[in-house]
Amino acid sequence: MRRLESARAGQAQPSPRLPGDIAGLAFSPDEATLYVVESRAEPHRRIWAYDHANDGTLTNKQPYYHMEIPVNENIGKLDGMCVTSEGWLVATSAAGVQICD
């Protein structure tokens, strides 16, 4: 994953240690938080939250949501998500749609 400083700058800057296998990205309605699903991470049922500054920097990685499914169940892998205008984080998995609060 890379971020662009501006269209004029034309140089991509590496993002700060985001995972390589991302299954979903979504911003909070105010764009102050970036939510990330790591598709191959262990545990693979976790959504991480990063603070997102106006200059595009990401800091303060913290766990946001963990899907409670027995470890031997493969149906709990999170894959894709969005945030509603009301701020609800909605993620998908083989188990169905998950509303994370």
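## The main nonpolar core

In this predicted model, the largest nonpolar core has 14 residues. A nonpolar core here is a set of buried Ala, Val, Leu, Ile, Met, Phe, Trp, Tyr and Cys residues joined through side-chain atoms within 4.5 Å. Buried means under 20% relative accessible area, exposed means over 50%, and partly exposed lies in between (1.4 Å probe, protein chains only). Tyr35, Ile47, Leu78, Met81 and Leu89 touch the most other members of the core. At least two core residues come from each of strand 3 (22-27), strand 4 (33-38), strand 5 (46-52), strand 7 (78-83) and strand 8 (89-93). Strand 7 gives the most, with three residues. A second, separate core has five residues, among them Leu34, Val36, Tyr50 and Leu58. In soluble globular proteins, nonpolar side chains tend to be buried together.

Leucine 78 sits in strand 7. Leucine 78 counts as buried because its relative accessibility is 3%. Leucine 89 makes contact (heavy atoms within 4.5 Å) with Ala26, Tyr35, Ile47, Tyr64, Met81, Cys82, Val83, Gln98, Ile99 and Cys100, leaving aside neighbours within four places in sequence.

## Overall layout

The protein has zero helices and nine strands. From the N terminus on, its elements run β-β-β-β-β-β-β-β-β. Helices (H or I, at least four residues) and strands (E, at least two) are DSSP runs, numbered from the N terminus. Of the 101 residues, 36% count as buried. Among contacts with a separation of 6 or more, 31% join residues 24 or more positions apart.

Residues are numbered from 1 along each chain as its sequence is written. Local features need pLDDT of at least 70, side-chain atom pairs count only at pLDDT 80 or more, totals for chains, interfaces and linings use all residues, and side-chain values use heavy atoms, with hydrogens and water left out.

## The surface

The protein exposes about 6,500 Å². Carbon and sulfur atoms supply 48% of that area. Accessible areas come from the Shrake-Rupley method with a 1.4 Å probe; for residues, only the protein chains shown count as cover.

Trp88, Val97 and Ile99 form a nonpolar patch on the surface. Together they have about 330 Å² of accessible area. Patches are made of residues with over 30% relative accessible area and no salt bridge; like charges are joined within 9 Å, nonpolar side chains (Val, Leu, Ile, Met, Phe, Trp, Tyr) within 5 Å. A salt bridge is a side-chain nitrogen of Lys or Arg within 4 Å of a carboxyl oxygen of Asp or Glu. Isoleucine 99 lies in strand 9 (residues 96-100). Isoleucine 99 counts as exposed because its relative accessible area is 54%.

## The loop between strands 3 and 4

Serine 28 is in the loop between strand 3 and strand 4. Serine 28 is buried, at 8% relative accessibility. Its side chain reaches the backbone nitrogen of alanine 32 at 3.3 Å. This is a polar contact: a pair of N or O atoms within 3.5 Å, where, within protein, one must be able to donate a hydrogen and the other to accept it, and residues adjacent in sequence count only if both atoms are side-chain atoms. Serine 28 also touches Thr33, Tyr35 and Val83, not counting residues up to four places away in sequence.

Glutamate 31 is in the loop between strand 3 and strand 4. Glutamate 31 is partly exposed, with a relative accessible area of 47%. The side chain of histidine 52 reaches the backbone oxygen of glutamate 31 at 2.7 Å. Histidine 52 belongs to strand 5. Beyond four places in sequence, histidine 52 contacts Phe27, Glu31, Ala32, Thr33, Leu34, Thr57 and Leu58.

## Positive phi angles

Most residues other than glycine have a negative phi, and most peptide bonds are trans. Glutamate 31 has a positive phi of about 60° although it is not a glycine. Asparagine 60, likewise not a glycine, has a positive phi of about 60°. Asparagine 60 lies in strand 6 (residues 58-66). Asparagine 60 is partly exposed, at 45% relative accessible area.
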